[in-house]
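Here's a friendly walk through one structure. Have a look at it first, and then we'll go through some of its parts together.

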Amino acid sequence: MNMIVKVDGLVKRYDKLVALDHLNLEVREGDIYGLLGPNGSGKTTAINCILSLLKYDKGSIEIFGKPMKPDSYDIKKDIGIIMQNVAVFDELTVYENIEYFCSLYIKDKAEIKRLTQEAIDFVSLNDYIKFYPKKLSGGLLRRLNIACGIAHKPKLIILDEPTVAVDPQSRNKILEGIMKLNEEGATIIYTSHYMEEVEKICSDIAIIDKGRVIAKGTKDELKAMISTGEKISIEIYQAGDETIEHIRSMPNVISIEYDNEILEIKSGRGKNNLVSVLHYLEENNVNIGRVITEQPTLNDVFLEITGKELRD
Amino acid sequence: MSFRLYRSRLKAIIRNKENVFWSYMFPLLLASLFYFAFGNLWNNETFETIDIAYVGIDNEADVLLEAMKEAKISEGTLLFNVVVVNKDAAAQSLENGEIEAYIIAGEEPVLFVKENGINETITKSFLDSYSQMLTLVETIMMNNPTAIEEGLLDDIQNFDTFVYEEKTGAEPEYLLIYFYALFAFTCIFAGTWGMDEVINIQADMSITGARVSISPIHKMKLLFSNMFAAFTAHIGSVFLLLFFLKYVLDISFGDSFLGISIICVMGSLAGLAQGVFLGIILKQKPAVKAGLQVTITMLESFLAGFMIADMKYIIADKAPILSYINPVNLVSDALYSLYYYETNERFLLNITILGSFTVILSFLSYLRLRRRTYASI
C-alpha cells in the first residue's frame, strides 16, 4: 500500500528540552494509525511538525510522497485536522462554522453546500444547525469540531485527542465515526493517551514516550513484545505466605502480588497457567471467590518497556 | 478575495456584541454626554439680561451708564437691565436678591456682587473692557486731540456687541476639539477589530488560527478578506457617529463631504493597521493584548485632547513630534483643518502622514505575518 505519511529522524527542541528525539513514523494508505503516549510525550508536537505549523530542528516529513512544507497547498487540501481543543467561531452557527471551514478548501458554492450537509449528517447535528457553539454540550461541540475538520472529504485525517473530556456516549459515536471515515477511504492518524480507544480502533500503533517511538506495530505485535502472556486475578480471603511463595515458584509465573484480598499473578506465555494455580489452591483447601483472567493491555506493554504507567 | 469568506467573517464580526457595543454604541453615548455636559456653553439663549443697579455721580454725563444701556447679548436682547439708584438702595437691592450686582461710578468704577457666577463674571468682564477702552481713548486724545472730529473713536465706543459678536458662526474651538477627538478615537478604535482578525489567523495566537493555517488558503489572502470585512463593519460605526454628530447634535464638520469621507476611510485604515501591528508585536494573551490596545488608543486620544482640550496644544507646543505620529491627533486635526482653514494644506499634510503611518505599520506587520511556521504554539 502507498505510504501516506513518512516521518524520518524528526528532532524538535524547545531550548534544552528535547520534545521529539529522532522520531520515525510510517503511515500507510488505509491505516488507522494510533500515536499512543502519556501527556507530554510529544504527540501533539509531532502532529504540529507534520502539519508544518511548528519549525523542527532536524529530520524530514513527506506526505502523499511529497515533502511537506508550509506552502504545500496541494498537500494541505487533502488533509483534515481535528484538534484537541475545539476550533470554531463562537459567533457563527453550527451550519455556518462547517460551511466556513469547508470554504477554505472548496471554491464551488454548490459543492460547499453539499459537503456541509454531508458533514452535518455524518456527525448527526441536524437538529442543531442553527445553534451557536456556546449553546452546545461538550459532546456536541466535539462533533462540530470533527465536522469542521472533515467536511471537505480529506484523504488524510489527523485527530489529536478528540475525545478528551467527552462523555462515554459521545466518545463511542466519535470512535464509530472515525472507523466509518476509514471505511470510506480516509487514512487516519489518531493520537490519544487512552489505550482502550487506540486498542479498539487502530490498525497500527506507535507508542511514544519522551519524544521517541519506543515500540510500534499492530496491537498483537506490541503485546507479543512483552513477556507477560496473561494476568490472573483470584479473590482469596486469606492467603498465607506459604501459599504465595509456592505459587511464585511455579513455572511460567513472572510476578505475584496479594493486596486487598486479591491475588494478582502475571504469567508468561504458555498453556494451563490458570489451571495449575487453581489446582494447587484446591489441593490446599484455600477458599476462593471470583477468578478473572486477562490478556495484557497496551498499558502493560508501556509499563514493561518504560517501567511506568501510561497515565502517569 | 473570496466573497464567501468575506461574508462569513463579516457575519461573525457584527455578531460580536462586545465589539459592536464599543464601536457603535459607546461613541454615541459619549457624544451625547459631551453634548449635554458642554453643549450649553456656546448656546446664547442661556444668557439672560442681568439686573443691575448703577450709582452715578450727580450732574455728570455718564459714558459708562450709556455703554451699559446699549450693550446687548444678541440682536434685540439687552445685556443689562439697569436701574439708577443711590448707594444704599443699591446695597439693599443686592441684599434682597433683586439685582445681581451694582456699580459705583467714578474715575475707577467699583463693582459689588453678592456671589460668584456667570452673570457676575460677565459684568466684571464688561467693566474691565470699559476701563481698558477708557484708557485707550484718553491715550488717543492725548496724542491726537482731533481724533473725535476725525471719527476715529466711533468704533471704539461701540458696546453693542459685547457678548454676541464674539460668535461668528463657529462653535467655540475647545468644544470642537472634544468632538473631533471623539470622532478620531472612534476611527482609531478600529484597532480592536484589526487585532481580532490577526489573532484569528495566527496559529500561535488562537486555535482557530491553527486550523486556518493548516488549510490550503494563502494566509495573506485570508487576512485581506478578513480585514476587508472588519473595515466594512467599522466604517459603518464611523459614519453612524458622523451622522449622529452632524444631524442630531448639530456639530459642524464643514461642507466637504469628500474630505470628511477621506478622513473616515484613512482613519479607519490607520486604526486597523495599528490593531494588526499591536496584535503581532505584543506577546501577551489575547485578552491582555485587547486591554493594551484600548489603553494605547485612549492614551493617543488623551494626547489629542479627548479628555482635556488644552492637551492638544500642550503636545503641539512641547512635543510636536508626538502630534505627528499620533493617529488620533492626525484624524482630529484633519477634521479641524477641514473646518477652519480655507486651504487644504494642513488637511493634506495630516492625511499624508496618516497614510504613511498605515503603510509603515502594514509593511512591518506583513514582515512578521508572512512567516508560516512557528517556533512554538
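## Before we start

Two strands count as paired if DSSP finds at least two bridges between them. Helices (H or I, at least four residues) and strands (E, at least two) are DSSP runs, numbered from the N terminus.

This is a predicted model, where local features need pLDDT of at least 70 and side-chain atom pairs count only at pLDDT 80 or more, while totals for chains, interfaces and linings use all residues. Residues are numbered from 1 along each chain as its sequence is written, chains are lettered from A and ligands numbered from 1 in the order in which they are written, and side-chain values use heavy atoms, leaving out hydrogens and water.

## A hairpin in chain A

Let's begin with β9(A) (residues 204-209) and β10(A) (residues 212-217), antiparallel strands joined by 5 bridges. Across the pair, I208(A) faces V213(A). The hairpin has 2 residues between its strands, and K210(A) has a positive phi near 50 degrees.

## A sheet with a helix on it

Further along chain A there's an open, antiparallel sheet of 4 strands, in the order β12-β13-β11-β14. Its edges are β12 (253-259) and β14 (288-294) of chain A, each pairing on one side only. Helix α9 (residues 241-248) of chain A packs on the sheet and touches β12 and β13 (262-268) of chain A; contact here means heavy atoms within 4.5 Å.

Inside the sheet, β11(A) (residues 228-236) runs antiparallel to β14(A), with 5 bridges joining them. There, S233(A) sits opposite I292(A) of β14(A).

Terms used. Axes fitted to C-alpha atoms, helices over the stretch in contact; angles between N-to-C directions.
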